2 protein chains.
Amino acid sequence: MAAYTPGTDAPTRIERLRRAQIINATIDLVAARGHAAASLSRIAAAAGVAKGTVIYHFVSRDAVLDAAYDHVLALLIEQVAAQVEDADPSRAPAVYVRAMIAHLSAHPAHARTLEQAGLAAAASGEPSRPPGRSRWEPLAQLIGEATSSSDPAPGPSDIRTAAILAGGMIDAVVREFLEDPAYDTAAAARAIIAVMGWDDPEDDR
Amino acid sequence: MAAYTPGTDAPTRIERLRRAQIINATIDLVAARGHAAASLSRIAAAAGVAKGTVIYHFVSRDAVLDAAYDHVLALLIEQVAAQVEDADPSRAPAVYVRAMIAHLSAHPAHARTLEQAGLAAAASGEPSRPPGRSRWEPLAQLIGEATSSSDPAPGPSDIRTAAILAGGMIDAVVREFLEDPAYDTAAAARAIIAVMGWDDPEDDR
DNA sequence: GTCTATAACCGGATAGAC
DNA sequence: GTCTATCCGGTTATAGAC
């Protein structure tokens with residue numbers, strides 16, 4: 001058999017613990033100092049292990065960062081998907097907006113990390129997705145399903161543009177919150193839903 | 001007198017040319033490969049000069065990047081301000097949105113560079129501005145002046161939030177354009193103005 | 001003014017002791 | 001599994017020749 005390569009097979013052990021430990025340290029480090037400053041030595045120091053240990057559990061520095069970014073992204077998607085799934089389709093877009101903002105406000109370090117991840121990706125010419133598959137495609141999907149049920153399609157008639165605009169507002173609200181933690185993100189979420197003309201789950205009582 | 005320090009005093013000569021040459025090369029480099037990849041040697045190579053030359057005209061690598069970022073920002077502000085100034089106050093917000101998107105669409109490299117500049121700044125904990133002075137403060141100003149003249153204040157009643165949301169949409173539209181140059185930014189600008197419920201200069205004919 | 005050469009440093013990654 | 005030691009490459013910045 002080939003040599004043991006951690007991460008590819010069943011991690012059956014404290015391996016998972018070490019990996020989690022390193023990943024969490026990396027997330028905090030990136031959130032605090034940025035992608036570029038998250039060097040191997042700093043990651044190791046933050047996690048309380050040696051450089052060699054980090055490269056034993058992961059393949060390279062890039063692999064550590066990728067794993068960290070995948071992790072925060074997976075958590076975000078899981079959270080949002082759970083709330084969107086058991087919601088009336090006509091209200092799914094509003095739920096999406098609230099869930100997104102709530103999660104990122106609750107985990108500022110994750111928000112900052114995702115910000116850095118996106119920019120690092122934009123830097124190294126990475127056309128990771130074929131044209132059309134933009135970051136807000138899932139949201140566009142929800143908008144499409146919502147407007148097909150309720151007749152008077154609100155907001156911009158172009159679904160892609162609607163998703164892009166709503167997504168941009170979400171980003172902006174989260175960014176503002178990161179700079180000013182006193183900013184009322186719940187009110188901002190309400191404002192987004194209002195300008196988009198969407199059904200608001202919190203309206204009916 | 002003290003030694004001559006370029007940039008601080010009258011640049012009286014081909015100094016300005018060299019500086020401009022280096023700055024432009026830096027802008028393209030950052031746009032293409034990102035902030036982190038814009039090393040001194042790469043900047044020098046891109047500008048067609050030696051490393052020493054770069055550090056002669058600027059103090060350090062960071063100074064070069066700062067100068068480049070200041071430059072693209074100054075151009076953007078100049079362009080937008082010119083269009084906003086000779087516009088009816090009630091339509092200033094719409095003009096701002098269009099000017100911003102038009103300029104950044106016309107100069108994608110500048111848009112990418114500003115993106116990288118922002119992220120690099122977010123990384124090194126740089127509270128460059130006291131709380132409240134957000135990036136969209138000028139826009140908030142325009143919105144305030146516009147709504148004080150026309151009675152039925154459109155969009156979110158909170159001016160700060162209105163500016164943040166509109167700004168976020170501008171960012172999102174530009175980002176989308178960078179990924180898909182076929183994206184219709186003029187239509188997107190119209191959509192932004194529509195959802196905000198603003199007076200549109202292109203409406204009356 | 002511009003360049004070459006060099007100093008001092010820090011980055012990632014490997015080898016191997018324990 | 002985890003660590004230390006080491007190597008190599010690339011980085012900024014300086015010194016000084018031209």
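This is a predicted model: local features need pLDDT of at least 70, side-chain atom pairs count only at pLDDT 80 or more; totals for chains, interfaces and linings use all residues.
Biologist: Which element gives the most to the surface near DNA strand D?

Modeller: There are 17 residues around DNA strand D, and the closest include A:Gly52, A:Thr53 and B:Ser60. Two or more residues come from each of α1 (14–33) and α3 (51–57) of chain A, and likewise from α2 (40–47) and α3 (51–57) of chain B. The element that gives the most, with four residues, is α3(A).

Biologist: Which element gives the most to the surface near DNA strand C?

Modeller: DNA strand C is surrounded by 17 residues, the closest being A:Ser39, A:Leu40, A:Ser60, B:Gly52 and B:Thr53. At least two residues are supplied by each of α2 (40–47) and α3 of chain A and α1 (14–33) and α3 of chain B. With four residues, the element that gives the most is α3(B).

Biologist: Over the residues that UniProt lists for "DNA-binding region" in chain A, what percentage of the chain is helix?

Modeller: The unreviewed UniProt entry lists residues 39–58 of chain A under that name. Over residues 39–58 the end C-alpha atoms are 14 Å apart, and the chain is 0% strand. The helix content over these residues of chain A is 75%.

Biologist: What kind of axis relates the two copies?

Modeller: Chain A is superposed on chain B, with an RMSD of 0.1 Å, by a rotation of 180 degrees that has 0.0 Å of shift along its axis. The two copies are thus related as by a two-fold rotation axis.

Biologist: Which residue of chain A has the C-alpha nearest the axis?

Modeller: The axis in question is that of the rotation of 180 degrees which superposes chain A on chain B. In chain A, the nearest C-alpha is 2.3 Å from this axis, and it is that of A:Gly168.

Biologist: Which element gives the most to the side of chain A that touches chain B?

Modeller: The contact takes 33 residues from chain A and 33 residues from chain B. On the side of chain A, two or more residues come from each of α6 (108–123), α8 (159–179) and α9 (185–196). The element that gives the most, with 11 residues, is α8(A).

Note on methods:
Residues are numbered from 1 along each chain as its sequence is written. Chains are lettered from A and ligands numbered from 1 in the order in which they are written. Copies are superposed by least squares on the C-alpha atoms of residues with pLDDT of at least 70 in both. A residue is near a molecule or strand if its C-beta atom, placed from the backbone, lies within 6 Å of it. UniProt positions are given in the numbering used here, feature names are shortened, and annotations may be inferred rather than shown by experiment. Two residues are in contact if their C-beta atoms, placed from the backbone, lie within 7 Å.
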